[in-house]
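Have the sequence and the structure open side by side.

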Amino acid sequence: MKNINQAEWQELIANDSQAVILDVRTPGECAEGIQANAQMIDFLDQPSFMASIKELDTSKNYYIYCRSGNRSGQACQILDNMDVQSTYNLTGGMMAWTGETVAP
């Protein structure tokens with residue numbers, strides 16, 4: 001796992017053909033807006049979260065964010081333990097995000 005800021009996040013995703021963006025917030029939090037092309041997987045719903053991540057392609061690079069960066073950091077660690085190639089945690093999460101969002 002690598003912790004990255006918003007500028008690094010945007011630059012890496014723009015140049016990564018293997019990028020997958022995961023929003024691990026709750027549905028209520030996601031209703032406020034998500035990043036474009038993000039897949040929503042609620043980290044707090046552990047049975048559903050674990051089932052969903054088992055279906056992920058471990059050869060992809062996962063860019064994971066939450067509200068503050070805590071849950072996404074934990075999610076990165078779980079994916080790292082599953083031998084996912086690369087995980088990136090958005091430092092500060094959506095609380096620090098100044099980029100665009102879209103409706104889920």
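Which residues have the most contacts inside the largest nonpolar core? They are Leu-22, Val-24, Phe-49, Tyr-62, Ile-64 and Leu-79, in a core of 15 residues. Bear in mind that this is a predicted model.

**Cores**

Strand S2 (19-23), helix H3 (46-53), strand S4 (61-65) and helix H4 (70-81) each supply at least two of its residues. H4 gives the most, with three residues. In soluble globular proteins, nonpolar side chains tend to be buried together.

Take Val-24 as a way into this core. Neighbours within four places in sequence are left aside here. Val-24 is then in contact with Ile-41, Asp-42, Phe-43, Phe-49, Ile-64, Tyr-65, Cys-66, Arg-71, Ser-72 and Ala-75. Two of these partners, Phe-49 and Ile-64, are also listed with Val-24 among the residues with the most contacts inside the core.

There is also a second, separate core of twelve residues. Its members include Tyr-63, Tyr-65, Tyr-88 and Leu-90.

**Aromatic pairs**

How many aromatic pairs does a search of the whole structure find? It finds four. A pair of aromatic rings is described by the distance of the centres and the angle of the planes. Two of the pairs are set out here.

| Pair | Centre distance | Plane angle | Type |
|---|---|---|---|
| Trp-9 and Tyr-65 | 6.0 Å | 80° | edge-to-face |
| Tyr-63 and Tyr-88 | 4.6 Å | 15° | stacked |

Why is the pair of Trp-9 and Tyr-65 edge-to-face? The planes of the two rings stand at 80°, and an angle over 60 degrees counts as edge-to-face. This pair links distant parts of the chain. Trp-9 sits in helix H1 (residues 6-14) and Tyr-65 in strand S4, 56 residues apart. Trp-9 has 0% relative accessibility, so it counts as buried. Tyr-65 is buried as well, with a relative accessible area of 0%.

The rings of Tyr-63 and Tyr-88 have planes at 15°, so this pair is stacked. Tyr-63 lies in strand S4 and Tyr-88 in strand S5 (residues 86-90). The pair therefore ties together parts that are 25 residues apart in sequence. Both Tyr-63 and Tyr-88 are buried. Ring pairs link Trp-9, Tyr-63, Tyr-65 and Tyr-88 into a cluster.

**The sheet**

In what order do the five strands form the sheet? The order is S1-S5-S4-S2-S3. The sheet is open and its pairing is parallel. S1 and strand S3 (38-40) are the edge strands, and each pairs on one side only. From one strand to the next, the twist averages 30°.

Ala-19 has Asn-61 in S4 as its bridge partner. Helix H4 packs on the sheet and touches S2, S4 and S5. The direction of H4 makes about 175° with that of S5.

**Loops**

Asn-5 lies in the loop between strand S1 (2-4) and H1. Its relative accessible area is 38%, so Asn-5 is partly exposed. Not counting residues up to four places away in sequence, Asn-5 touches Leu-90 and Thr-91. The C-alpha atoms of Asn-5 and Ala-96 are separated by 9.1 Å, although these residues are 91 residues apart along the chain.

Next come two loop residues with positive phi. Most residues other than glycine have a negative phi. Asn-37 has a positive phi, near 70°. Asn-37 is found in the loop between helix H2 (27-30) and S3. Is Asn-37 buried or exposed? Asn-37 is exposed, with a relative accessible area of 71%.

Asp-83 also has a positive phi, of about 65°, and is not a glycine. Asp-83 is placed in the loop between H4 and S5. With a relative accessible area of 64%, Asp-83 is exposed.

**Record**

UniProt lists residues 15-102 for "domain: Rhodanese", in an unreviewed entry. In the model, the end C-alpha atoms of residues 15-102 lie 21 Å apart. This span is 32% helix and 20% strand.

How values were computed: Residues are numbered from 1 along each chain as its sequence is written. Side-chain values use heavy atoms; hydrogens and water are left out. A nonpolar core is a set of buried Ala, Val, Leu, Ile, Met, Phe, Trp, Tyr and Cys residues joined through side-chain atoms within 4.5 Å. Buried means under 20% relative accessible area, exposed over 50%, partly exposed in between (1.4 Å probe, protein chains only). Helices (H or I, at least four residues) and strands (E, at least two) are DSSP runs, numbered from the N terminus. Contact means heavy atoms within 4.5 Å. Rings of Phe, Tyr and Trp (its six-membered ring) pair if their centres lie within 6.5 Å; planes under 30 degrees apart count as stacked, over 60 as edge-to-face and the rest as tilted. UniProt positions are given in the numbering used here, feature names are shortened, and annotations may be inferred rather than shown by experiment. Two strands pair if DSSP finds at least two bridges between them. Axes are lines fitted to C-alpha atoms, for helices over the stretch in contact, and angles run from 0 to 180 degrees between N-to-C directions.
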